[in-house]
Amino acid sequence: MRRRLVSVSTVALAFIAAFAVPAPAQRVLGTADDALVLPRGVFRFRTLGQWTWFNERYGKDTPGRPDGALEPLGIDFTLDTIGVKQFPNLASLQVGLQSLTGNPNWNATLGNTVVNLRDHVAAFPFVFEAGLSKKFSIGIQIPYVVTHTATFFNVNTTGIQGNLGFNPAAFANATAVTQDAAMFAQFTASANSLQAALDNCAANPAAPGCPQLNAQRTNAQALVTNSRAFAVGVNSVYTASPFVPIVGTDAQLAIEARVAAFKALYGSFAAFGVPAITTNGPFASQNRLTLRDAQTILTDPAFGIVANPLQSTGHSHLGDIDIGAKFSVYDSFGGNTEARMSPKGLNFRTSVGGMFRIPTGQIESPDDFVDIGTGRGAKVVEGRWFGDLLVGGHFWQSFILRFNKPFSDEQEMRIIDLPNEELAPVYRRQTVNRQLGSAFEFETSPRIVINDFFAISGNYVYRHKSQDHYTGTFTIPAAVTGFADITLDASTLDLETETKEHRLGGGLSYSNLYGFEQGKAKIPFEVTYLHWQTVKGWGGNQPKFFTDQVQVRLYARLFGGK
């Protein structure tokens with residue numbers, strides 16, 4: 001996440017100025033966390049501005065790419081073809097058109113898609129910490145998070161992809177309805193008339209014209225049977241399906257060719273009173289799908305997805321609130337402020353901590369495929385260990401271990417069979433049992449103190465999040481899916497939820513704590529800047545983050561002496 005600088009109000013400044021007493025510390029702290037525990041009576045207020053953006057991820061099992069290779073964030077929505085794989089209820093239409101065209105290898109496609117995503121997260125955590133005793137402090141972090149997904153979405157990018165478009169008759173186009181009805185009526189009339197003539201000649205073989213018709217009985221009867229089946233099939237597709245072949249495409253031309261063939265065959269029986277077929281075929285879709293059409297497919301209940309449009313979106317809301325505590329285990333300075341301000345030789349301190357996370361943030365909406373939540377929506381407990389190693393008066397390094405364990409819960413999610421099948425229909429939206437994977441982090445931050453006011457810092461983080469686990473089985477009948485009974489197993493959501501990440505960063509710190517201790521500053525504060533980014537990742541859904549962070553720390557003594 002990326003966090004933005006939040007200015008401290010004049011009221012807060014007045015409060016800090018009235019009660020300010022510096023916390024014992026080195027002259028300049030670093031950009032990241034450390035083992036310091038606030039002493040009794042000391043209050044510290046921190047506010048961060050953190051800005052994060054990302055448009056790539058480290059992929060897994062992507063065709064043509066090695067695992068761990070960077071790939072665009074929108075790759076799962078960028079499709080060479082939208083067909084039966086993406087919309088299984090197109091299967092019956094595909095089979096029907098294969099029969100009508102006489103081409104068993106014809107495949108339905110709505111065209112291609114291109115989606116580019118660039119996500120931004122700005123977070124504003126407000127952190128309040130207080131030392132309750134010499135070795136024990138507590139704190140609470142209340143973040144306000146703003147998310148934004150910039151989305152570029154386009155379909156049929158060259159104008160020639162796709163062989164199916166919206167069916168004009170299904171959307172009450174009067175010309176299409178009239179033409180389709182006329183074709184079916186003409187085929188029906190011609191077939192009925194020829195069948196009646198065949199029946200009459202079978203009963204009266206000597207009647208005028210019957211010897212000639214009976215000589216062609218086999219072909220005539222086949223014509224009636226085949227034309228009726230063809231007309232029923234065409235009528236079923238072109239009056240009921242939301243999609244039909246586009247004008248000028250192979251499928252539409254093949255159907256029109258068959259209409260012309262039937263027209264010619266029935267024309268050969270005109271002498272027997274069979275009415276002519278004058279239609280050239282059913283009314284085709286006139287255009288390939290546009291971006292607006294694609295958004296209609298995503299949002300209109302008639303198409304079964306019932307989701308938000310694939311477009312830029314954002315949120316502003318509280319994030320998840322953390323409540324924590326920290327206990328000092330060992331400090332070689334022994335609580336001596338002067339020793340901390342002017343460290344000599346080799347020193348070490350270590351502390352342990354714990355945190356409980358309250359799920360006050362918003363999770364991603366199951367109806368928005370590119371949404372970013374402001375939190376994970378799960379309660380979490382976390383254990384922490386901190387160690388600081390100080391060498392002389394100018395170098396020190398922090399080491400931190402964290403391990404968190406989320407609580408299980410229930411969430412409404414769309415169950416997809418594979419991680420790259422994002423466009424899930426609404427019947428896949430179910431309430432599942434969720435157990436988010438635990439996470440382990442190792443962080444280290446070397447720091448060089450330049451003088452009494454400035455320090456430079458490095459930062460490295462390794463993070464491993466274990467696989468999530470989802471449970472729940474749901475049977476969806478054919479009447480709902482539109483093609484067959486299916487069983488959904490929520491465990492498919494486990495795929496590609498385990499991730500690993502390596503981050504590198506660095507920054508600069510300014511502190512006037514030593515100046516305050518010397519009576520040269522009125523308000524003790526620190527300002528830090530940190531930049532870090534992901535340099536290596538694994539798992540399929542691990543983004544490559546770029547983050548800039550600005551932090552302000554203000555100190556005050558609420559009770560107790562120096």
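The model is a predicted one, so local features need pLDDT of at least 70, side-chain atom pairs count only at pLDDT 80 or more, and totals for chains, interfaces and linings use all residues. Residues are numbered from 1 along each chain as its sequence is written, and side-chain values use heavy atoms, with hydrogens and water left out.

Aromatic rings come up a lot here, with 19 aromatic pairs in the structure. Rings of Phe, Tyr and Trp (its six-membered ring) pair if their centres lie within 6.5 Å; planes under 30 degrees apart count as stacked, over 60 as edge-to-face and the rest as tilted. Take Phe 356 and Phe 407: their ring centres are 6.3 Å apart and the planes stand at 85 degrees, so this pair is edge-to-face. Phe 356 belongs to strand β11 (residues 346-358), while Phe 407 is in the loop between β13 (395-406) and β14 (409-414), so the pair ties together parts 51 residues apart in sequence. Helices (H or I, at least four residues) and strands (E, at least two) are DSSP runs, numbered from the N terminus. Phe 356 is partly exposed, at a relative accessible area of 31%, and Phe 407 is partly exposed too, at 40%. Here buried means under 20% relative accessible area, exposed over 50%, and partly exposed in between (1.4 Å probe, protein chains only). Elsewhere, Phe 43, Phe 45, Phe 126 and Phe 128 make up one aromatic cluster.

Charges meet rings as well. Arg 447 has its charged end over the ring of Trp 396, 4.1 Å from the centre, and the charged end of Lys 500 sits over the ring of Trp 538, 5.3 Å from its centre. To count, NZ of Lys or CZ of Arg must be within 6 Å of the ring centre and within 35 degrees of the ring normal.

Then there are the helices. The axes of α5 (residues 217-240) and α6 (residues 250-267) come within 11 Å and cross at roughly 145 degrees. Such axes are lines fitted to C-alpha atoms, for helices over the stretch in contact, and angles run from 0 to 180 degrees between N-to-C directions. Residues in contact (heavy atoms within 4.5 Å) include Phe 230 and Tyr 238 in α5, and Phe 262 and Tyr 266 in α6. Helix α2 (residues 91-101) packs with α5 at about 145 degrees, with axes 10 Å apart. In that contact, Leu 93, Leu 97 and Leu 100 of α2 meet Phe 230, Gly 233, Val 234 and Val 237 of α5.
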